[in-house]
Amino acid sequence: MRKIAYIILVICFLAPFAAISQQIVQGVVKNQITQEPATAISIRVKDDRAGTFTDDKGHFQLRLNKGFPLTLLISSIGYEKQEVLVENNQSPVLIDLVPTSTLAQEVVVSASRSVQTKLSSPVTIEQISTKDVQNSPQINYMDMVQGLRGVDVTVSSLGFTSVTTRGFNTSGNTNFTQIVDGMDNQAPGLNFPLGSVIGLTQLDVDNIELLSGASSALYGSRGLNGTMVMTGKDPFKYKGLSVLVTQGVNHVNSKKNNDPVSASPVYDWVIRYANTVNDKFAYKINAQYSKANDWVANDMQNKNGPGGPDVDPNYNGINMNGSATSTDINPFLFAAMMGNPDLTPLIEPMLAKPNYVARTGYPEWGYLDNNANMFKVNTELRYKINSDLEAIASGTFGTGNIVYTNDTRYQINDFKVAQYRLELKSEDWFVRAYTTRENSGNTLIAGPTSQLINEGWKVSYDGNVGGWYPEYTEALVTALATGSDMQAAHIAARQFADQGRLVEGSEGFNALKKQISQTPISEGGTLFLDRSKLYNAEFQYNFRKLIPFLDVIAGVNWRLYSLNSKNTLFPDMDKPINVKEYSGYLSLGKRLVDDRLTLNTSFRLDKNTLFGKPRLTSRASAVFQTAYQNYLRFSYQNAYSFPSNIQALQNTMNGYNSYSSGGSNLLLNEHYHFNEFPPYTLASVQEFQQTNDPTVLKKFEYDDIKPQTVNSFEVGYAALIAKRVMFDVLGYFSTWENFIGYANVVNSPGTDDVNAFKDQSKYVTYNMAFNGGETVNTYGYAASVSVDLGKNFLTKVNYYSDFLKNKNNSQINNFNTPNYHVNMEFGNSGFGKKQVWSFNTTLRYKPGFHYAAAGGLGEGQIPSSTVIDAQISYKILKARSGIRIGGTNITNKYYTTGIANPRIGAMYYVSYAYNIF
């Protein structure tokens, strides 16, 4: 009995303290004007660490570390901040937030690895928020990036968009970094960013920040052309079920636009679910599936000169696959003359010059599968070990069928990419480890596969059985002898030699295509077997508590590329090639002059095991507040970039006896034997083929590829005027040394006889990476204006120009950009009763410009384009849903972003959204 009484006494004594420790404040936050729930609103206790967020219904529940009374701090971008006094928890706290302009409210992290307002950023930075994604007329955030200031894109297909800044625009840019939740989003083997393939789903975008120009001091040597940092939604903050279903149609009025595909459906379905189990544990699951008939690349410009297939017998269209096989038929003409001397008067004049004839190619439509589809799924678990330490585990998997453009078109079938992360994150430090694994699936390389298909149904030449070229020559001579003119004779010769030709899409064609494309390159087919992996570990510490008078951030990074292609992409026949990178970085910042002047400097030391010396990258910046919300900025960066794995080690077939090549001596001397059989420029070899004059041959001087460097200066001014007008202007100038570009060269392995250059089976062509000997300069300027017109109307305009000076004419430099861009946006985020209506329109204008595709795939003039996207939406408040009707490129004027890439028409759609406001 005494024991029971004692226990009761203890319980009674401790109960008040337990009550205090378990006290909970509950409440509801709403938009004052619309009375709809305000989601993801920050609720914090003043002078305390306790805090939470509202859920998808606007509700919040906050466990307290202190007693009453207390003050709650309520904040979110787009609303006025509030302080609410809470006397007790007898009833829920009801809070109405007042909407306000978001201009100058945005905060960014990527500019200096610390939180600051976008307006006061030391470098040029653009941003896309979750609200921007929700209001955009584009159905994919990667398409939204095209409207950001300073950005260029190359669209290879519906599923693959390559992003860059400041002019260096090409598909698969290895000098642009894309980071998703702290993880480098590059393909482990090929090194280019994977876009949205394993990026965030449309409903999980919290924030996208894009840094223009060199950002290597912060994010490593791959960031010479810019960095895009994407952050997913925190499941503690964004809770509930969200669904977005989009149904659309593309290829509308296709015949009028020379589009071989008829009107086709577009599907894009996204789902996100996130919740908390308790105050410590949260999780989220994302999935997105997209399907459509892809746009078609059908540029038929002749790479070998003027004239189409009926005019030029050596016709090789940019998007004609297989016509890269070309031979001088003079030996066959000579043999015909020797066999029948009566033909001498007819044939002998023709032998005065070479007579090159190309095999008949296959257009992309009917040859490549344009049924594009992508599926990706992501899951993330978060556990708060204590109030200052959080553990995160995540996994992302993507698969599908898309087309990618580089030195040829790649039909990437059944690819698989996975990325897994473990992280411990505190307020002042984090340690993160992740891995990326890729499987190239049954990827079809369009150029060489089509050439081998031609050889499969009829060999070009075989001394025992003849072949396509002997038949062509025989028919040509016969037609000329019977009175046909030269053009008609060549047409008749092609028709004769093409007898029995497999038609694209036929059963025999598909069977042969499958056999060739699923046989590895190392075994005589065209299948590459990329199973490369990337491993990365990083630690960062912010010393703000230890060194309060100076902003100090330091970190280290380790990375391993395990290149595994079975000798189909890299020279890795025996075992995978391991490339390691070691990095350390330090950022120092100081505020002076009553916090009006902010100075920052950053250093990063990188070591790559393919190259001897480590390289130091540095950045210095100054931001001065000239007046309230007016900032003048200046930055300088000296950046080194190690050649990517592709630029150093690539050994990829892009055509018959043609390779995309890295520039390391490991390849050039040990595999291509340039030291024994020297390379010549392709242009001089082609001139020799036309003139038979060996004196025109020009040797190509090469050396082991080495890191390139850039010194970049930028000055800018940003300001907010009268809380309604925000503008930003900037100018930059960059100097590049040891600039890495590409050259097309030829050698003849096994022989020094230059006559081997007349027989395509005896020489090999390489699109080779190398360092240019000249200093290259790039410069440009840009301006943007955003105006809050009141009543939720907002308009934006940006203009930017990029220029290249002192380019090395021996290089393909990938500077594919017009002299200027203009982007405009006008919209309203809420009007009508309870602001249930909204709309948004965007316009992008680019004048015509010259574009040179990688690997000699083609070059030419890109026509000017004006692209208008628009949408109008209606909210169903009681159902927490919305309907949107919209379209991209609504005028349906087809355009392209680059040579050899598809022409893009309109896509019109209807979307249903649940719980995404």
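**Reading a few residues**

Guide: Lysine 834 lies in the loop between strand S44 (821-831) and strand S45 (837-846). The model is predicted.

Visitor: Why is lysine 834 called partly exposed?

Guide: Its relative accessible area is 46%. Buried means under 20% and exposed means over 50%, with partly exposed in between. The value of 46% falls in between, so lysine 834 is partly exposed.

Visitor: What is stated about the phi of lysine 834?

Guide: The phi of lysine 834 is positive, about 55°, although this residue is not a glycine. Asparagine 892 also is not a glycine and has a positive phi, of about 60°.

Visitor: Where is asparagine 892, and what makes it count as buried?

Guide: Asparagine 892 sits in the loop between strand S49 (881-888) and strand S50 (907-914). Its relative accessibility is 11%, and the cut-off for buried is under 20%, so asparagine 892 counts as buried.

Visitor: How do you know that asparagine 536 is buried?

Guide: Asparagine 536 belongs to strand S29 (residues 533-542). Its relative accessible area is 2%, which is under 20%, and therefore asparagine 536 is buried.

Visitor: What makes the pair asparagine 536 and asparagine 557 a polar contact?

Guide: Their side chains are 3.0 Å apart in this contact. A polar contact needs a pair of N or O atoms within 3.5 Å, one able to donate a hydrogen and the other to accept it, so the 3.0 Å distance meets the distance limit. Asparagine 536 also touches other residues, including Tyr434 and Trp558.

Technical notes
Residues numbered from 1 in each chain as written. Predicted model: local features only at pLDDT ≥ 70, side-chain atom pairs only at ≥ 80, totals over all residues. Heavy atoms only, no water. Helix = DSSP H or I, 4+ residues; strand = E, 2+ residues; numbered from the N terminus. Buried < 20%, exposed > 50% of the residue type's maximum accessible area, 1.4 Å probe, protein only. Contact = heavy atoms within 4.5 Å. Lists of a residue's contacts leave out its neighbours within four places in sequence.
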